[in-house]
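Open the structure in your viewer and keep the selection panel at hand. The stops below say what to select next and what is there.

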Amino acid sequence: MTTLSLIAGNCERGVLESGPRAYFRSVLFASDPLKGLLTSLRGIWLKDLEGSRVRNGHNFRVVAKVKKGKKHDYPWPDDIDPNSSTPPLSYLSSFKPLAEKPKPVTLAFEKPLVDLEKKIIEISNMADETGLDFSDQIIALEKKYEQALKDLYTHLTPIQRLMIARHPNRPTVLDHILNITDKWVELHGDRAGYDDPAIVTGIGTLDGKSYMFIGHQKGRNTKENIARNFAMPTPHGYRKALRMMKYADHHGFPIITFIDTPGAFADLKSEELGQGEAIAYNLRAMFGLKVPIISVVTGEGGSGGALAIGCANKLFMLENAAFYVASPEACAAILWKSSQAAPKAAEKLKITAQEHYRRKIADGIIPEPLGGAHADPVWTSQQIKHAITQAMEVYVSYASLIAYCVGVQELRKMDTAKLLRHRRLKFRKIGGFQEGIEVNPERKRNMKPSDANTPKTDEIVSEVDTLRKVILEAKEPLDPTTNKAIEKLRQDFDQELTKAFISMGLQDKIQTFKLELSRSPAHPSNQPLNLPLKEKADKIMQEVERNLARPGAYLGLKKKLQKLSMVSKLIELKEKSGKVKAEINQKVPADIKAKIERLKQAQEKLSRGLPVDENLAEEVKRIKKDLENVLKSANLKIVGVTKREILSAPPDLEERVAELNKEISEEIGRAAYGTGLGAKMEELKEEVAKGSNPERVKKLEAEVKEGIFAAMNVSPLKEKVENLREGLASSTEAVVESKVGADNGRLRD
C-alpha cells in the first residue's frame, strides 16, 4: 500500500488561492506511478477548504491506497521445464487427476470375493506381526481368489454386467481419451449460448493421425457427477457434438464417439429447448457425414441419448457394457409394475454386448480385465485403441455383410459413396433389409402385441363349463383327472397372485405378516386375530383391492380368480347336494326303494322298445305319491318336478354305422389282396396255427398292417367317420341341467 500525504501549510506553491474553490494540480508530484491517481483526483472540488487560507495555519491531509493488481491465473505454471515429458496441451484441460484416490466399491454379487480378500489381509498382517512364514497359506488363498474371480466374471448375468457398467469407479471417457492419445485439446461450446459439460469434444492424435473425439462424460465422484449432470446431455450438448462433427467433416478428421449415458436429460427445460429435435437432427446428419465414424460403448448406452452420437460405420462394445432402448428398471416398472423385476427385464431386453454381437448390431466386443474396466483402466484403454486402429486400417467391405466377401479395404481409402452406403446398410440390415431385394411398400405390418399368451374369454368360459358339467354330473367323488384340473387352476392362480403381489410391492409386507403370525401364540381358527395383526391384514387387503380396482390392471389375475371362485361354488353346491341325497336315502323306506328300482327297469324296457305291464302308469303315480309323503315327513318341501330326458340315438344310426363298417371291411380286403399281401397273410395264418414264436407272429402282423395301411385310401373313410360323429353330436343334446332357482326342482330345508 502506498500512502500519499498532501500537506497545505505555509507552502504558497501548493495552494492556488483563486476564490473559495481550489484545485490540486498534478504538478505538485512528479513521480510517474502517481499520475493515474492524481488524474482521478483532478476535478474534485475541495469545498471544505473554503476559508482555510494559509493565514489560518491549519493543516489537512488526503490519504489514498493503491491496490496491487491480481495476477492472471494461467492453466500452466510460470516455469515450465523444457525437458518435462508432460505435453503443453495437457495444461489446457480442466480434467485433472483426483486429489484423493476413489474408495473401492463392492457390488452385491462380489461379496464372496470380499471374504477371501479379508482372509488374505489378515494372514499377511499376522505374518508381519509374528514374523512367521505363512507364504504357503497366502499363495493358496490367492489362487483360490483368482479362481473364484474367474468363475464369477465368466458367468455374469445381464443385470450383473449392467451393475459393472454403472460402477462408480469405472473409467470415464476422458480417462480413455487421455490414455490413448498422444496430443489432446478439448473444444467447447455449441455457439448457441451454452457449453454442456455432459458431452466432451476435442481433437486428439492417435499414432500421429488426427481424430475428432466426442463422448458422454460421467463424474468420478458426487461433485463431478452433479457438475456433469450424470452424463445426461441437454439439447446444447447434442448441438455441440453436431458442430464438432461438421467441423471434422469439413477438415476430414475421422470421428470417434464414446457412449456412456443413461439417456438424454428429460427435464422440462430440455424439452422446451427441443431435446427430441436435437437428437433427430443428429441422427439424420450422421448418415450424411463423409468421414469414417467409429462408436465405442464404454458403459451404458440408453435410448436415443446414446444413439444421437452412435450412428457409426463400426460399433464396438466393452465386454461388460450395455446398450438398451429402456433401462431394465423402467421396463420392469411398465410390465411388472415394480422395479424389483429388473433382473428379469434385463434378460428379456438382451442388453449385453454378447447379445448385440450375436444379433450383428455390435461389430466387436472389446475385452475387459477380470473385475471390470476399473480393475485396470490403462489396459482397457489400450484395448480400445487397438480396436479403433484395426477398424481404421483393415476393414471388410460392405458387400461381405450382404452376400460374400470381396476382400479387405482400408476405411481411410473408401470413397465417400461406399462409406455412406456402408453406414446406411449397417442399420438397414438390423431392420431386415437385404441388398438386391425390393421392399414392398404395400406390405402391412401388424404392430399389435401378440395375444398368444393372453387367456381368451371363450377359452375361459369353455373350461368353466366343462368343469361345471363334470362336477355336477359326477355321482361319485371327483375322478383324479378333474381333481388334477382343479389343482392346476389353483396353482395358476397362486402364481398369478404372487406376481401381482410383487408388482404391487407387497411381497415384503406379506412375508413380514406371515412371520409375525407364526410367532404369535396359537389360537383357534374360529377366533379373530389380535388387534395389531388384524389391522395389518386389513391394510394389506385394502391395498390389494385398491390395485385390483384400477381399470385394465391385473386382467389375468381377475380372470383366474373368476374361474376359481366359480369352480369353488360348484364344488360346494355338489357337496351340499350329496349331503341332501344321503339324508333322503336314509329316510326312504326299503319298500319304496324296491318300487323305484322296478320303475327304473320298466323305463329301460320302454327305451329298448320292449313290452311292459299295462298297470305301469298307475304304479308310477303311486310311487311318486309315496315318495312325496316320505320327503314331506323329512321336513323337505317339493317346489317342482323335472322330467329326465334320456339321450336317444337317431333312428338311422345303426344302419349308417353298419354301412360304414361294411365299406371299411371292403377297403381292407381290396388293399390286402390287391397289393400282393395275400401270400403274407396266408403265411401269418400258418404261423399262428403252428403256434410259432410270438415275436415272429408279431413281426408278420406288423408287416401286414403296414402294407394294408399304405395301400388303403383312408381319406374318404375318415371324412365319413367325421360326418357321422358331427351328425350324432348335433342330434343329441345334454339334458342334465342344474338350475338354481325357487321354482325349478330345488329342495329346501
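Begin on the surface: select Lys344, Lys348, Lys350 and Lys499, which gather in a patch of positive charge. A patch is made of residues with over 30% relative accessible area and no salt bridge, like charges being joined within 9 Å and nonpolar side chains (Val, Leu, Ile, Met, Phe, Trp, Tyr) within 5 Å. Lys and Arg count as positive, Asp and Glu as negative, and His and the chain ends are not counted.

This is a predicted model, in which local features need pLDDT of at least 70 and side-chain atom pairs count only at pLDDT 80 or more, while totals for chains, interfaces and linings use all residues. Residues are numbered from 1 along each chain as its sequence is written, and side-chain values use heavy atoms, with hydrogens and water left out.

Stay with Lys350, in the loop between α12 (342-349) and α13 (353-358). Helices (H or I, at least four residues) and strands (E, at least two) are DSSP runs, numbered from the N terminus. Lys350 is partly exposed, at a relative accessible area of 35%; buried means under 20%, exposed over 50%, and partly exposed in between (1.4 Å probe, protein chains only).

Next, select strand β6 (residues 314-318), where five of five residues are buried. Lys314, Phe316 and Leu318 point one way from β6, and Leu315 and Met317 the other way. In a regular strand the side chains alternate between the two faces of the sheet.

Which strands run beside β6? Strand β5 (residues 293-302) runs parallel to β6 and is joined to β6 by four bridges. Strand β8 (residues 364-366) also pairs with β6 in the parallel sense, over three bridges. Two strands pair if DSSP finds at least two bridges between them. Now pick Met317: Val297 stands opposite Met317, and in β8 the bridge partner of Met317 is Ile365.

Move on to the salt bridges, of which the whole structure has 13. A salt bridge is a side-chain nitrogen of Lys or Arg within 4 Å of a carboxyl oxygen of Asp or Glu. Select Lys218 and Asp260, whose closest N and O atoms are 3.4 Å apart. Lys218 lies in the loop between β3 (209-216) and α6 (222-227) and Asp260 in strand β4 (residues 255-261), 42 residues apart. Both Lys218 and Asp260 are buried.

Last, show Glu543 and Lys509, a salt bridge with closest N and O atoms 3.4 Å apart. Glu543 lies in helix α19 (residues 531-548) and Lys509 in helix α18 (residues 507-519), so the pair ties together parts 34 residues apart in sequence.

Key: Areas by Shrake-Rupley, 256 points an atom, 1.4 Å probe, with all protein chains shown as cover. Charge placed at Lys NZ, Arg CZ, Asp CG, Glu CD.
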